[in-house]
Amino acid sequence: MTREHLPMPDLTCREMLLQMGPSHPAMHGTVKLDLRLDGETIVGIDTSIGFLHRGFEKMCEASTWNQCFPYADRLNYVSPAINGVGLALAVEKLLGIEVPERTRYIRVILSEIARIQDHLTAIAAAALELGGFTAMLWAVEARDHYYYLFEDVAGARVTLSYCRVGGVRNDLTPDFREKFHKAAAITERLMVDIDKLLTRNRIFVDRMRHLGVMSAAQAVDWGFSGPCLRASGVPYDVRKDDPYLVYDRVDFDVPVGDNGDNFDRYLVRMEEIRQSLRIVRQCFDQMPEGPVNHPDWQVTHPPKTEVYGTIEGMIAQFELVFRGPVVPAGEVFHSVEGGNGELGFYVVSDGSGRPYRLHVRPPCFAIMQALGDMLKGSMVADIIPTFDSINMIGGEIDR
Amino acid sequence: MPVLTIDSRQVEVEPGTTLLKAAAKLGIDIPVFCYHDGLPVAANCRMCLVEVKGAAKPCPACEIQARDGMEVLTASPLVLEARRSVLEFILLNHPVDCPICDQAGECILQDHYFDHSASPSRTQVRKVHKAKAVPVGPNVTLDKERCINCTRCVRFCREITGSRQLVQVQRGNHTEISVFPGRQLDDPYSLCTVDLCPVGALTSRDFRFQKRAWFLKPAPAICPECSRGCNVWADAADGKLWRIRPRENPAVNQWWACDHGRLAFHRFEQRRADRALVDYAPRETSRAATLEAAAVAAQRLQAIRSQGGRIILILSSMISLEEGYAALRFASVVLGQKLVLIASRPDGEKDALLRTQDANCNRDGLSKLAARMGLGAADLAGFFATAQAAEVAGLVSVGAEYAVPMLPEGARMSEAVTLAHCLDPVADKSTVLLPIPGHFEKDGHYVNSAGLVQRSQPALSPPDGCVQAHVLLSEIASKMGGSLGSSDLASARTAALSLIGTGEGSHA
């Protein structure tokens, strides 16, 4: 719905200021939009963030490297597994170590499952707020099967605290693979249903297409990444362009959109879910058996038999807990493809067991700042699908 | 002077300097277990082995003296391997005790293993077991399994106190630290062996299992138990003091502190004055209630003065210079006195190492301060033996760590206002008791028997009802129509220190 579609009587009215959020039900993630309106038409948007600020970066400075992982889970809390992987990879880059082969696959599997959940959530929220309650329930159902998988492997459904510097907490459960395939089959069936329900749905399409448009050039200028950038036609994906872990060994496509509008962002996410399923299946085929943690006890916790049975393991455990893994002094930046785009960790170590500085480059910060640009001239009601399609996550944007 | 090369860097040192010290001069840290600055060199732990060019095998850096043209490597593959091997050897019979060991968290065996080895155990044989939790003395418990036989404790008893109470017995795997049959480690400095012990073999019976090391927050304080003024760390957590450890100061106490001083802090926990008492009736435990009680005291003192009664000030020799300054100003400006009384604790047991006879931490400082403020100072007991004591109608006592003097015949004493942190005998006799922070709760300066001005910093915050002495005195002064001038601690400190000397570390 743009202004041109409606007969507008020539009324003179003053610009109206309207605050949307932070407790507005559609402003999920807790954000406030200061709208300047001419009637129902948006003249400008000022975005206020900070309602979910936890001081993540500062807290990390007082925590050992491994204590940062639970905090990192709370960045993008829709796909927490990727955050842990990103942080672990950054610290390992500074350490100059490679995790065992099996862990590299485990981390990719977890990341891609998290991406599926992230995209399902974004689609569910958009459908829900445009009136498609059924599609939401189906997407959430698909997502839930993966939460059960996570619960098996990490004990928690959402905030896993699963990654560690130099490895992961434990190996996958023996039936993980089997359960994944079941969950994947259910997801594919539900995806077909969601596709039928939304992709050619007149109401859905009318409120998504040609709205929140970002050209490729604009998107690059604003610093977009992830599905929002690819929907604008730029095929940039950290997994392809700067492959980490085992992404260079698996075959997958990077879907791109044509128009850079809300609908393209929806389509890109739908396709990425299918591609992620493809990646995980290939990983299960390639994944070797073996240890999941780096053998250096200055970095990773010794096996529990060593901790309880030998003084060497006991001391290493003690030191790793109260002093933290020994990370050489230096600084490093490492980024991974998060649910919303390029998730970067800039870490500085002074050689102690705690970060001297830890900075996060959250993908949706760059995207959120363009919201006003995307919506200028649109109607108030268009805020909802546009805000949904960029999938702002408060935990990540506020840190 | 010999010039040698350590890790490709040249350094010139005094003749007789060990390689360990020469490396330290370059900022190179060599790990040690048995070496201690205050003890003779034993070179038995072998942790400090370094490679010396031309030497047949690795040399202990703590013992070998620097010679001109020596080439030393402290991080060569040989040295790193030597350290790993030494640690593997030491850990061979070390029990898996960290979770129940008091030393965990401040254990150099833990730190050195993690920094210099971190390799898994390769041993296939059972560990040698020895006696655990042996009460070797009134203050010290020995765990023979945890001992790494560095002999620091043995050397301490032999060389520093001369008591020779600890010895090494048996051979090889079965070597252990022991006391002679029928004897115990009752050296008055026995807790120094606990500090010296690099592992958790010797532990303090007082501190054992009380608090994990990583919860403790150390504050640099001064021990108040005698006029030596030993520098100590006061380790506190959860609003409670748990342990006193010596803090190195070559000019005062070197690395040591006596058992008496370390354990005396428990007296601050007993009968703690945490609320004001007016005529023995307790007030609320709040700052406001204490200030109200101070107003009552002021009113009563004012009543005595208006009737021409004499009010005299008593200074406990245990209070800080800051408190002393405020009290002395109060005596001269508000009470209009030319004489103050200094009350001291009775003499303690002097020993050959640190403890002095004077059991007061600031007697000299307060006397000097009074003299420099133009006030005469008399001894409390002496004054009360004279006839003029009978004329005294009121007393204000700052600090109460002294014995209650006998009142003279015909005394007209009607008010005794005491500022104290404990309900000791003096406080028990007071008509108004105003609680003040205890020694480890306040920031203050003290003058030791050598005339050195030293600062003691607070390890704890005082209970809610306690108000600093200078604030209380300034409150009473203003209610009595006088003024002490500025009532903040910083100005009292500046004034006191400029009268007594130039500042911390200077001589009064």
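Two residues are taken to be in contact if their C-beta atoms, placed from the backbone, lie within 7 Å. The model on screen is predicted, so local features need pLDDT of at least 70 and side-chain atom pairs count only at pLDDT 80 or more, while totals for chains, interfaces and linings use all residues. Residues are numbered from 1 along each chain as its sequence is written, and chains are lettered from A in the order in which they are written.

Start at the interface: select the 15 residues of chain B that are in contact with 13 residues of chain A. Within this side of chain B, helix α3 (residues 108-116) gives the most, with 3 residues; helices (H or I, at least four residues) and strands (E, at least two) are DSSP runs, numbered from the N terminus.

Next, show chain B whole, whose C-alpha trace spans about 90 × 50 × 40 Å along its principal axes, and which has 13 helices and 23 strands. Colour domain 1 (3-91), domain 2 (124-215) and domain 3 (277-500) of chain B separately, with bounds from an automatic or database domain assignment; the centres of domain 2 and domain 3 of chain B, taken over C-alpha atoms, are separated by 43 Å.

Then move to chain A, where 3 strands form an open antiparallel sheet in the order β6-β7-β8, strands being paired if DSSP finds at least two bridges between them. The edge strands of chain A, each pairing on one side only, are β6 (330-337) and β8 (355-361). Finally, select β7 (residues 342-349) of chain A, which pairs with β8(A) over 6 bridges, and look for Tyr346(A), which stands opposite His359(A) in β8(A).
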